Amino acid sequence: MNASVPASRRSSRRTAPAAASTTEAVRPDRRQAILLAAEKLFAQHGYHAVTIRQIAEEAGVPLALVGYYFGPKHELFHAIFEHWSHSIEERLAGLAAVDNDPDDARTLPRIIEAFTAPVLALRASAEGEYYALLVARELYHATEEADRVLRGYFDPLAEAYIDALHIALPHATRGQAAWGYQFALGALLHHLNDSRIERLSRGENRRSDPAVAPMLVNFIVGGLRAALPKPRTPQKKTTSRRQKT
């Protein structure tokens, strides 16, 4: 699942920039600071609105170090998702742990919980907040960078969950299961990103509140079952016999 380091990024690391000493160039805390700064700024403002200079300023490092560690901006964007690829593995592991029995009413909620819970936990955590927001905001923009990340990291995840939904809903076609996945994803991403709920609820609700995770799961499961209902089993007709007198 993890993508290999592109040649362009490897070549960009061969020599330290003239403005930075060798000691500065190999400091892992600076590399991490650049990654976190890019993650935060991309999540807040979008990929195309952020410059390498802004990332360097946010990270508190010389401008040249950004290129030294990550190469051009699109490689830095890709590196963020490489850094968080373990979260995708966690969601796949959660799916693999589900006993996918279509006759068990608990199967579908368990699949959806495995799909949503790790992301909601990231959004609620200090370390994963901006990454979850970045996923929710940036990957639906039709850009070359977003498509590259989707194909490399998230398409395999989507395929696995669509296959699981198809098994759990065997009366549906795989194409219908794919629609169901897309609708489920839309509900999840909107919950991660939307802040209007605070205004619409007149302050009663909090944006991306992890406490409503069970409600989100029930909403998605209910929608899937309503959209892809099991076909009704035709009732057998019984014929009454008149007693002979």
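Rings of Phe, Tyr and Trp (its six-membered ring) are taken as a pair if their centres lie within 6.5 Å; planes under 30 degrees apart count as stacked, over 60 as edge-to-face and the rest as tilted. In this predicted model, local features need pLDDT of at least 70 and side-chain atom pairs count only at pLDDT 80 or more, while totals for chains, interfaces and linings use all residues. Residues are numbered from 1 along each chain as its sequence is written, and side-chain values use heavy atoms, with hydrogens and water left out.

Twelve aromatic pairs are found in the structure. One of them joins Tyr69 and Phe70, a tilted pair with 6.3 Å centre to centre and 50° between the planes. Tyr69, at 6% relative accessibility, counts as buried (under 20% relative accessible area, with exposed over 50% and partly exposed in between; 1.4 Å probe, protein chains only). Phe70 is buried as well, at 0%.

Phe81 and Phe154 form an edge-to-face pair, because their ring centres are 6.2 Å apart and their planes meet at 85°. Phe81 belongs to helix α6 (residues 73-83) and Phe154 to helix α10 (residues 144-168), so this pair ties together parts 73 residues apart in sequence. Helices here are DSSP runs (H or I, at least four residues), numbered from the N terminus. Phe81 is buried, with a relative accessible area of 1%, and Phe154 is buried at 11%.

Both rings also belong to one aromatic cluster, formed by Phe42, Tyr47, Phe77, Phe81, Trp84, Tyr131 and Phe154.

How values were computed
Helix = DSSP H or I, 4+ residues; strand = E, 2+ residues; numbered from the N terminus.
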